[in-house]
Amino acid sequence: MATQNNKISSNPKSLDNDDRISKTDVQPKSQLTPRLIDLQPSHYFKRLSLTAACLLTAFGLSSCSPQQSSTKEHSQSPEVAQSSVSAIIPRPDQMNAKVKVEGRLSTLLEMDIRKVGRKIPYTYSAGKIANSPGYEWWVSKHFAIKSDLPEEKVKLYLELLEMSYPHYVELFGAEPANIENQRIAVVYGKSRVSTRNTMLDDGFRRGVHKNAGGETMFYNRAGYSFPSSREQHQRYIVIHETMHAFHMALSGHSTWAPNWITEGLADSIASHVYYPKRQQLAVMVRDRAPMSYLISGLKQYYAGGEPSIAEINDNPALKRGLNFFIIHFLLSDPERAQYFAWFRDKLMAANPHSEATLPTANHLLKEVFPDWPALEKAFASYVKSQHSSFHIASGPWEQDGSAYWIRVQEEKQQPRLDIGINPQGKLLSKMSNAVDFPSPQASPLIDSPSGSQFGLLVDYQEGQLHRGQVGLALGLELSDVNLAYRKNYQASKKDDKVKRPDYSKDSYQPLWIKEGRYLIFEGANHQAFAFSPELLSALQKQDEQGSQLGLNVTLNNKSIDIELRSLDAGSVISQKEQIQLSEQEYKSIKQQGISLLANDVSHRLTPYLQFPKYDVQANPKAELQLSNPWQFSDITLLQRVFRACLAEQESGAETNCDKDLMSAYPLVADNTQHGNASEQLLAIENNLLNSTNDNTLQQLSGIQNHLRYNHGKPQLLSKISGKAKVQSQLSWVQQGKNLDQQLAIDLNKQSVSELHSVKAEKLLLQQNIGWRGKTFSLSQEFEKPGFDGVCLVDRNNLRDGQLQSLIKLTGPYSGKTNGKLRIEIMPSHAVLGSVKSQEVSIAPYETKSFRQAFELNPDFQGEITVHSSANLEVDGEAIYLSKEQRIKRTEN
């Protein structure tokens, strides 16, 4: 029988033998809920008390229908990653990721990685991510990566992510609630073609975005990192995109937040310096050379007419540098950081749709921060105080830890990296907290920089000792045009012509190390020296493993004293030379900054200058992850007291908690005063314990309830500061009927309770809590429990001479969804009219049911395949969903 392409009818026979179509439209969220909504990945909820509305929760996600992971994860001790494929997938709580965190610096101490091959781990993308040809899966404690990259690269990226994880948690103030069972999915392909193919395998019809370095998709919450030729950029993309995936695992989606939060946080944490030999990662770095958002932010700020925070928020255009500035400004002060976290959680609670995000954020910003005009003024002053210590004049410079190097390619100008520190250690930018990453470690080849002494450590590429040249540019004098450009990064105009920087117009005196055998100074008088036989021999012996040379420079009134050093069998081999200077050369070199130079090689260059001290408070306890920038161990106490104080003020009670907090903030910012800060916060906490206001006590106790789904089964995760007795009554509401459940919990920091597995429109939670001698109540309402974004479910059966088909389509968390549904029966002659389709549109949080009946061919016996599919445009993402069911028709 010929296939007929019919529209899905509005009146076929249904599964209920009704002659009309049964199409159930559940009201979209915008018609169901008030403004204050707390969204969770599996649903959104509203608190019945206004102050408690923003006690942030984070939930594990269920699928359209409760779903098990495709591959079981077993109880067995994990092992360090090996090339062979593991027979099992260890659970996250069985794997180790021991990371010491000291402010914005992570040090990896221990870590388990397991290669699991084609077995798909249980992730926050469960049911929405597939295997791909040539790709395999690897898992660590918190992450699962699908990749066709070499093992070494996969391990590197997992290590970077585990070092980043504590900072993800710090910036969002919470972990995904089911993180001890589910992992965050990451995908990294070795080519754009293979990455496009794996995205198509996962249902994304567009594939790789042609202008992006990576994407994290709303549909499945997986981060896709696209290949890059730049090593710094490769690491940046992995950290950046996984921040988005973390965001979505935490709250289901990310469109509730404006660009300056979603991209600002991701760009800020991905602005990093990685130390491969130390296995350290510095994040939230403002002042660095490659990919400088500090410079791009200044460029955008002045080009945009010095926009305010409100103007940046209201502008949908992506301005990464401006977003970067807002994040760093708000998080650079303990008081502002608390208000930002409160704003972030209230915005997440409001859960605006995409088109309402910017106005909602604007309103909440001015509602949350107590003196908005003063904040805007402080932001403008902050931006204008920013100056970069690093400028890439030319060349594709990379950075590994404290070392810099160029990717070898054809260059039109001399590769040069300018550093704004002169030989005497004067920081030319005069910016506070400049060079905010660790200095190079001590080396026997380099003297510690002091006075007018500095150095350069050269790590030669293996087997390339005698290739190219590297060195220092001394006494750098910028041309007038270039100097003017670096004041505000705006190209000047003269005679209606744009004057852009041309760094070939600058002047300096190069000090070269040429071909691993010559020292050359190109000043007013050319001066050159050959390496001694002993030094040259020492370097040549190391060549196959990579030679190392120290260049020590001491600036005197009329000369530069040079000492070259290398190692031979553990002994230092040195050579001393003296370069004569004119008076003008001496003055210029003494006052100006120092630049790195390189030609035709990728040798690593580590400058030893008098960098500003990178203030890290030693943290001997790896389990104490002090990821806030002040390394304050009682940061959660500060948050509880801060929010309880807001609640107490809102209640109208007389309190001085706000004044007491104002005197505590400077103590938090000064790591020598942390003991006094903790004492003061404990005193404020004790005063607030006298409150009779439920909201105040909720905030002070830190009580949180998270409804999460673990392998499709609902659980209540409860958290509190310390111990509590909690009596809970839960009511699952469906079509006006309730199914109740009682829980009595002895809560010690946190507990997980199993809940009834039922379908419901909402879940009501009433709690009575006994904590620290106080009793208070809490009410929460969870709507749409089990909601997991866009998905398609079908069910088909044979009945009364018909093949009856039901498709349920669920809308997204946010944005418009349009497309076409299609049902095709195979073989075509099994029914009369084998293909039917219909245009569809669906709102956020909406579920639509489509029922269709196909008249069976009475002469057909055998297997019938029903293929249901949807081609959809979901909030800007083109996705394809499909389901197949096979039904055996036999003669009655």
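Q: What share of the 892 residues in this predicted model is buried, and what makes a residue count as buried?
A: Buried residues make up 60% of the 892 residues in the protein, and a residue is given that label because its relative accessible area is under 20%. The model, which is predicted, holds 18 helices and 44 strands, and its accessible surface comes to about 35,700 Å², of which 46% belongs to carbon and sulfur atoms.

Q: Why is Ser 753 called buried?
A: The relative accessibility of Ser 753 is 11%, and the cut-off for buried is under 20%, so Ser 753 counts as buried. Ser 753 lies in strand 34, residues 737-754, and, leaving aside residues up to four places away in sequence, Ser 753 touches Pro 714, Gln 715, Leu 716, Leu 743 and Ile 745.

Q: Why is the pair of Phe 204 and Tyr 219 called edge-to-face?
A: By the rule for ring pairs, the count comes to 23 aromatic pairs. In one of them the ring centres of Phe 204 and Tyr 219 are 5.8 Å apart, within the limit of 6.5 Å, and the planes meet at 75 degrees, which is over 60, so the pair is edge-to-face. This pair links distant parts of the chain, 15 residues apart, with Phe 204 in the loop between helix 3 and strand 12 and Tyr 219 in the loop between strand 12 and strand 13. Phe 204 is buried, and so is Tyr 219.

Q: What makes the pair of Tyr 293 and Phe 324 tilted?
A: The centres of Tyr 293 and Phe 324 lie 5.6 Å apart and the angle between the planes is 40 degrees; since planes under 30 degrees apart count as stacked and those over 60 as edge-to-face, the rest are tilted. Tyr 293 lies in helix 6 and Phe 324 in helix 8, so the pair ties together parts that are 31 residues apart in sequence. Both Tyr 293 and Phe 324 are buried. The buried residues of helix 6 include Tyr 293, Leu 294 and Tyr 301, and what covers the buried residues of this helix includes helix 8, helix 11 and strand 16.

Q: How do you know that the charged end of Arg 604 sits over the ring of Trp 405?
A: The charged end of Arg 604 is 3.7 Å from the centre of the Trp 405 ring, and the rule asks for a distance within 6 Å together with a position within 35 degrees of the ring normal. Arg 336 likewise lies over the face of Phe 329, at 3.9 Å from the ring centre.

Q: What makes the phi of Gln 631 worth noting, and why is Gln 631 called buried?
A: Most residues other than glycine have a negative phi. Gln 631, however, has a positive phi of about 55 degrees although it is not a glycine. Gln 631 is found in the loop between strand 31 and helix 15; its relative accessible area is 3%, and the cut-off is under 20%, so Gln 631 is buried.

Q: Why does Lys 784 count as buried?
A: At 15% relative accessibility, Lys 784 falls under the 20% cut-off and therefore counts as buried. Lys 784, in the loop between strand 36 and strand 37, has a phi near 55 degrees, a positive value in a residue other than glycine.

Methods. Residues are numbered from 1 along each chain as its sequence is written. This is a predicted model: local features need pLDDT of at least 70, side-chain atom pairs count only at pLDDT 80 or more; totals for chains, interfaces and linings use all residues. Side-chain values use heavy atoms; hydrogens and water are left out. Buried means under 20% relative accessible area, exposed over 50%, partly exposed in between (1.4 Å probe, protein chains only). Helices (H or I, at least four residues) and strands (E, at least two) are DSSP runs, numbered from the N terminus. Contact means heavy atoms within 4.5 Å. Rings of Phe, Tyr and Trp (its six-membered ring) pair if their centres lie within 6.5 Å; planes under 30 degrees apart count as stacked, over 60 as edge-to-face and the rest as tilted. Accessible areas come from the Shrake-Rupley method with a 1.4 Å probe; for residues, only the protein chains shown count as cover.
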